Structures are given as structure tokens and as C-alpha cells.
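Follow the packing in this model from its cavities to its helix pairs.

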Amino acid sequence: MNQLLVSKSEPIIDAEWSKEVKGSMYDIVVEGFRLLSRWIGRVWEQCAWKFSRPCKDAVPLDPDDLSATISDYEKVVRCNYSHEERRAMVELTTYIKGIGVMMQRSDTVIADALWEAIHAEVQDFVQNKLATMLRTTFKRKKDLSRILSDMRTIAADWMASTSRIGSEHNPKRGGDENNGVSFKPRPVAPTAAQVHCLQFLIYELVSGGNPKKTVGLFGNSDSEIPVNDMRQLETFFYKLNFFPHILDYTATIGNLTNLGFLWFREFYLETSRVIQFPIECSLPWMLVDHIIESQDAGLLESILMPFDIYNDSAQHALHVLKQRFLYDEIEAEVDLCFDQLVFKLSENIFAYYKSRAASKLLDPAFLFASDNADKYVVSPRRYDALFKTRRVKRMNKIFRENIDFLFERFESHDLCAVVELQQLLDILRLTYQLLAEHLSMDPYNVMLNEMSENISLVSFSGRLALQIFTEMQNDFLVNFVFCNTTQRYIRPLKVCQRPVQRTPVPHGKSSFYCGSYDLNMAYQAFAQLYSKFFGLPHMLALVKLLGSRSIPWLVRALLDLLTHKITSLEPMITELQGSLPKSMGLPPFDGGVAGCLNVIREQIMWASSSQKKGEILHCLKEIGSIVSWMSLLDAVLREVETTQFIQVAPWLGITPGNDGQAQRISTEDGNSPVVSVFNAAANAVLSHPRCLSPSSFLTMSKQAEAADSFYISNIQTGSVLDYTLAFMSASLDMVRDKWDPTPKTGFIDITASREFYRIYSGLQFVFCGEPIEESIGNQQRFGDSVSWGGCTIIYLLGQQLHFELFDFVYQMLNVAEVENVATAYLTSAERSKPAQYGQDLETFMENAKKSRRLNNHVFSMLKARSPLEDKRACAIKQSGAPVIKMKYSNTLSAFETLPQKARAMEPFSEDKNKVST
């Protein structure tokens, strides 16, 4: 083809070389026609074989429907082709259609070359070979010479000949017989009548008027024609058979690539007495479906080739059979098949790119430790040709369905599934990024916000945030306990959990998870690691999912729930305050640990015998769980803000100073580096004489100033835990008069105190003692959240020092310490007999030590984050902003050596240009 194009483009070329190139092109076309004819003949043969031998073990479309009948057409088509035969049929159809399309596209390029080659072939035979025959073999045979002369008269192009030789009249003037007549190549092919006449004359010449020869037309048994001449006539005779097909190039290709017969089934429609068969019985759709289901990468590019069978059958029905109803049936089936193709192909493409994304996000350490890491590697597939269809509506729908499925799956699990949700959404986001390189789809964030019902400008409680709050209210705060050592929430064992109504777990396709079975199992194993607890990984995933838009709403909803819990706790505390004895003091040291325990037990019968002690502890557990959950959230948010600060600090001109504080270094114009860069770029562009539209650069300069102001204000963000403590302090104002009454005498009531710390002290003593529920211990039942809730209320009421001085548990520990010191002064004989406390007392003392350590930790944290010296009572507006009401004095804590909390970050000063970290 390239040589042919060169011969057309060059003005001066070698005639012999051009003739050779065009002759080669003619031979290639003939060979192409032979291949197409051979292939389509094999398709015909296989089709006839299948129709003559129906399948004997046919299975209905629905194996569960035992009453279903199988038609004869299903037996010869749907049930009669194996997977290997379908693959071979797809490949053969691709070969036929591919070569046919390639030859059809080159029609205009090779048409002149084919005509010239045929013209040269005919003229060479007529003007040279026939002239030789007339001079030699048929010189004295007038009848045969007349036939040869007629052939030359019919087909010879004497206008193209440079030296006309009338060899049939004067053979001596012909010169050397080896030197034929020279003629110019002309793209003038013989007509169909000329070809037919030449064939007839050759037949008459060879047969001699006797068509019933036993040895064939060109048999040389009883003919007077020499063998060499007979071979030349035979060769030219068979070449004449190809000339009409080559001259009618387009029609020949259409006939050789016509596979429409694979669709027609009117005979079986009549015998089966049905209107139409389902598309599963249609051979073209069977081939397309085989390509999709086989997942064969080599066949994907041929997925549209079987649809040409519908084109061929429709062409035949409309132009040959002249049956419009057949055309309408074919058109309807094509529409249905193409819809199914788009549906299945979109699912396959989505699953493939989902697998690629999951494979990329898989932990390298897991791959390194795996024995068979190759099964997690996704082999490449070529979908580039299919992406040109640009059918993205289905892909947008798949993404929305996948997001909705992930949300429904999360709604059917507890809060621990938030890590799995975040992993699956990360995989889905990466899948979108990979597909976005080929398709123009809806923005991912738009689809995510749409499915999470968070698209309104005034909506902050999306579907995900509302589900998280619902889980925390109904399950997390109720059924989970907090472990302060591991900073995790877990479900206690052997505890009757409050039932939670959830939707059933939805069943989705593998493509809605990670794309393939192996990757699904790998990520499911990862999800199982985080399914039994809630900790920092879950909080980090929650922050990433909710973002800065929904987290404030969730915080405010939890704080409102905290206020409700304090309100519900108030009547129960009031009831216990009414049951306190008139006088209740700490036992003396001289009674020892056992005596002290007995005295305290008699004094706190009001707590141990109360029917609501379990309910009060459970309420304190929920309050403490909210406070500790806010502490985890604050730690994660600070980590995220620190990462953001490290990224934006160089652009804002913030660097560490010599005193360890962050300082802002401004440029010569007094702006940050990012503003200075964009201003300099805008000024440089404006000063350039060829600048036609400087407005875009001015806009970027203004946007840089807005970004600088935005990020500077975000650096000075507050703390979620500080806000929680301020909100809780404002909520406690409702019960402050009851839980922290002012002594009438102005002195501390030691024996007749009714303050909250006294109530909690008794409850803590009961908590460290015998189990409230017989099946499980108090620590396993309530966890460390009780201490978080009780100590936070005590601290915000300003009763920490009173609690540390007059707590019953602390008094028991103090008595035990005195006994240990006294033991050191005993004699060796007396020291060899250690005090025997008993199993219950040993357990109580161990629980008391744990409680004091936990209380000290909580008080230390509260002291560092919210010092009482700077504490102000405040109210909370409807918008959530704190309003300072009055400053109240509190009794100082015993932890005076703790570092003071750094003041809030002040605005940047023009003199010092420093900011506290």
C-alpha cells in the first residue's frame, strides 16, 4: 500500500516497477477474497452442521424452572455451541469483518491499480500470447485462427499499443516472437460483456464444439492444441472468472463478509409457534455475551464485531427480501442487545478499575507477607476503543449506586465499621480518578454529597453524620465501655446489650466492594481487625468522611445529648441527697483497713442499697464516654490541623523563632510570600506591552490575598475539648445550686455535706466493691467512662480538692499506706506475718488503686486543658457560640505544679510578628 501511494505521488517513476507494484496489489486482493471466501464457507458449514444435529442434553434458561420447555431453535443454537466454539466463532467473525473493513477502506486507493493490472493482463494475453499462437500453432487452422482473431478484435486495446502488429495477416512482420507488443498501462478494465465473450470463445476453442469431454475442459487427450498453449488458455480462462468480482469490488466484499444468515430463524418461529425468541437464543448476542462473561482480554476489542451480523441481516431483509417487518424485528433486538451490552460492559469496566484501585491501595506490608501476592495484581485490559462510545450515563449511575450501597452497608453495622467505609470510599474515589482519564463523568464530590443528602447550602447534618449520631445515641454510648489505657471503646463480654434496630445487611456485587474475590477477602480481613473496637483509627476515618462541614453539627448534637444526660441525672442525684445521713465523716486511722471498710460500709448504705445506683453509674458512663470521645476527636483534629499547618506555613511566611514560638516573616511589601509571588507575576504581565487581557492575573492576585486571609484565620482555630468543657460547665449551671450549694456557715461542711462529690464518693466506693450485676464485674460492665464523667463534673463544679480530701476510697488507701509504714517498724518476727485482708478486701484495694490513678489522670488532663483559675461561667447561644456571663472563684487544685495552658493564639503583631503555637 505504501509503494502504491509513492507511485501515485511521484511524477516520474519506473514503468516496470509501477507495473510490478500494481500486479502485487492485484494478487493480494485476490488472496484476500480467497481467504474471506474460505472463512465464510467454514461458517456456513458449521452452521449447517449445528442445524442438522441439535443438542440432546439441552438445559433451560432458568435451571430452577423445571416446567420450562426448550424450543428446537434453542437446541440448535443456544445449547449447541460450547465455549471453545463460541470463542472460535468470535475470532472468525472478527477476522472476516476486520479484513473486510480494511479492504473496503482501501477501495478508492487501489481501484486504479486493479484496473490497470486487469487491463495489462488482458492486453498482454490478447496482443502478445494470442499473436504468438496465430503465428505458430494456429497458422494453418483457419477455424481456430478465426476464433483467436475474434478474441483479439473483442478485447484488444490498440489505442494503448505503441506498435500495432497485424500478426494474424502478416506474421513475418512481427519480428522476434520473444519481443511482444508494448502498450501503455491504462486504468480501463474490460466490461462484463467482453469478459463473458472471451470465456465463451476460449471454451469453443478448447472444446471444439464437444462440451461432453470425459477428461475435463482443458484435458489434452484428444485435442490438437499443444500443452503449453493449453496451459496459457487455462490460466487466462480462470483469471477471467475473478475479473468480474474484482471489478465489482464493493459488492464482492459485501457478499464475502455477509453473516446475516446467522440471525434468520423464521422456520423455527413457525414450528415453535412463537412471535420471537429471547435474545439469549440469538447467536450474535451469544457471542457478545461470551466475550463479556469470559473476561478474555484478547477478545475485548472484538466485542462490537458480532453486532455487524445484525447489520448484515437487516440489509438482507430490507434490500433483498424486501420485508420491512423483519427489519423492524432486527432493529428492536439490536436496541435491546445494545442496552444489555452497555449495562454489562459498564459493570465489567467498573469492576476492573475498582480492582486496580484496590490493588494500588493495598498495604505493601501485607503483600510482602503474603505467600501468593500475584493474585492481588490486576492484569491490564484494553478498554480504550470502547471508551470512544462515551456512554457515561450508566457509569454515573453505577457510582451513585455504589455509594448508596456503601452507606446502606454502614447503616447495617455499628460505629466500628467506619474504617471499612472509609477504605471502600477511598477505593471508589481512586476508581473515579482512573476512569476520569478516559470518561467525562459527574464530579465525584457532587455524587458523594448527593447520595449523602448533603447538597443543600443550609444542610449540615447529612445522611452519614445523622447515622453516626444515631449509632452513638442508641448503641455506642449505651453498649460500649472506654478503656483509658488503650484509648479504645469495646463491647464488654457477658453483658446483656441493649438491642438496636438496624436494617439488614445488603448483598451487593463484588464490584461494589473491591472488584474481585481475592481483593474482597483481603480488605475484609483488614476490616475485621477494626470491627471489635473504636479508637484513633476510627476517629481519623470519621473526620475524613464528615469533613469540616458536618463535624460541627455532630459535636453540637452530642453536646445537646450531654445536656440531656445531665438533666436526666439531676432527679436521681437529688433522691440520693435526700437519703444521706445527717452526719457522715471519714473513719479514723486506728481501726485499720478492715475496720475502716466496715465503718464506711455502714455509712454509705444509702448508696449500696439504692435501686438506682446502676442507672446513675450508667448515666455517668455515657457522660464520660462523650467527654473522652471529644478528647479523641480533639487529638485527631489537632493532628490534621498540624499537617495542614506544615503545608501552608512556608506560603504564609511562618517560621519557628528562637524562643520556640512561631513567627511570621513578611516580604518587603508587607505581604506573605504567596501574595507577593502572585502580585509580582501580575505586575510583570501588566507591564508587558503584548498583554491583551490582564484581568485573569489580577483575579489570581486577589484570590491569593483571600487565601492568605483564610488560612491565617484557620491557624487560630480553637479546641473541641475546650468547647466541650465550656458547654458542659454552662449546662451544669442548671444544677449548680443543688450539686454545689453554698455553705450556710461559710465553712466547708465535712460531715453534713450534700454536694455532688459526696454522692460520687459513695458511688465510687460501691463501684470498687461488690459487683452491681452478679454476672460481671463493675469495671468490665462500665469501664473507665464512669471516672471520666464523675471527675469532669466534680472538676467543673470546683469540688476537686474537696473530693480528694474527703473521698472514702482515698481514705481507705491512706489507711493502707499508714499500715504499710507501721509495718516497717515492727520486729522481724512480727514482720514475717503480713496482714491477711481476705479475697474481697484485696479486690477492693486493687480496684481502689486503679480508680485513684484514673482520677488523677482525668484531673490532670482537665487542669491542663481548662484551668479553673481562668474559668468563666458562660452560656451557649443557639448558634453554639459561648457567651461570658461572670467569673467565679474556685477552690484551687492540689496540682499546682502542672504547666499553665498557653493562651489562645493572638493576632499577628506588626511590632513583634510572633504567634504562640
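The model is predicted, with local features needing pLDDT of at least 70, side-chain atom pairs pLDDT 80 or more, and totals for chains, interfaces and linings using all residues. Residues are numbered from 1 along each chain as its sequence is written, and side-chain values use heavy atoms, without hydrogens and water.

There are 3 cavities of 30 Å³ or more. A cavity is a set of points on a 1 Å grid over the protein atoms alone where a 1.4 Å probe fits but cannot get out; lining residues have an atom within 4 Å of a point. Points join across faces, edges and corners, and volume is the space filled by probe spheres set on them.

The second largest cavity has a volume of about 40 Å³. Its lining is L406, R409, F410, H413, A417, E420, L421 and L424. Helices α16 and α17 each supply at least two of the lining residues.

Those two helices also pack on each other. α16 (residues 393-411) and α17 (residues 418-436) meet at about 170°, axes 10 Å apart. They are therefore roughly antiparallel, a label for angles over 145 degrees. Axes are lines fitted to C-alpha atoms over the stretch in contact, and angles run from 0 to 180 degrees between N-to-C directions. Helices are DSSP runs (H or I, at least four residues), numbered from the N terminus.

A second pair is α24 (residues 613-652) and α27 (residues 720-732), at about 150° with axes 8 Å apart. α24 and α27 are therefore roughly antiparallel too. Their contact (heavy atoms within 4.5 Å) includes I623 and V627 of α24 and V720 and L721 of α27.

Terms used:
Parallel < 35°, antiparallel > 145°, perpendicular 65-115°, else oblique. 1 Å grid on protein atoms, 1.4 Å probe; cavity = no way out; pocket = protein on both sides within 12 Å on 5 of 7 lines; lining within 4 Å.
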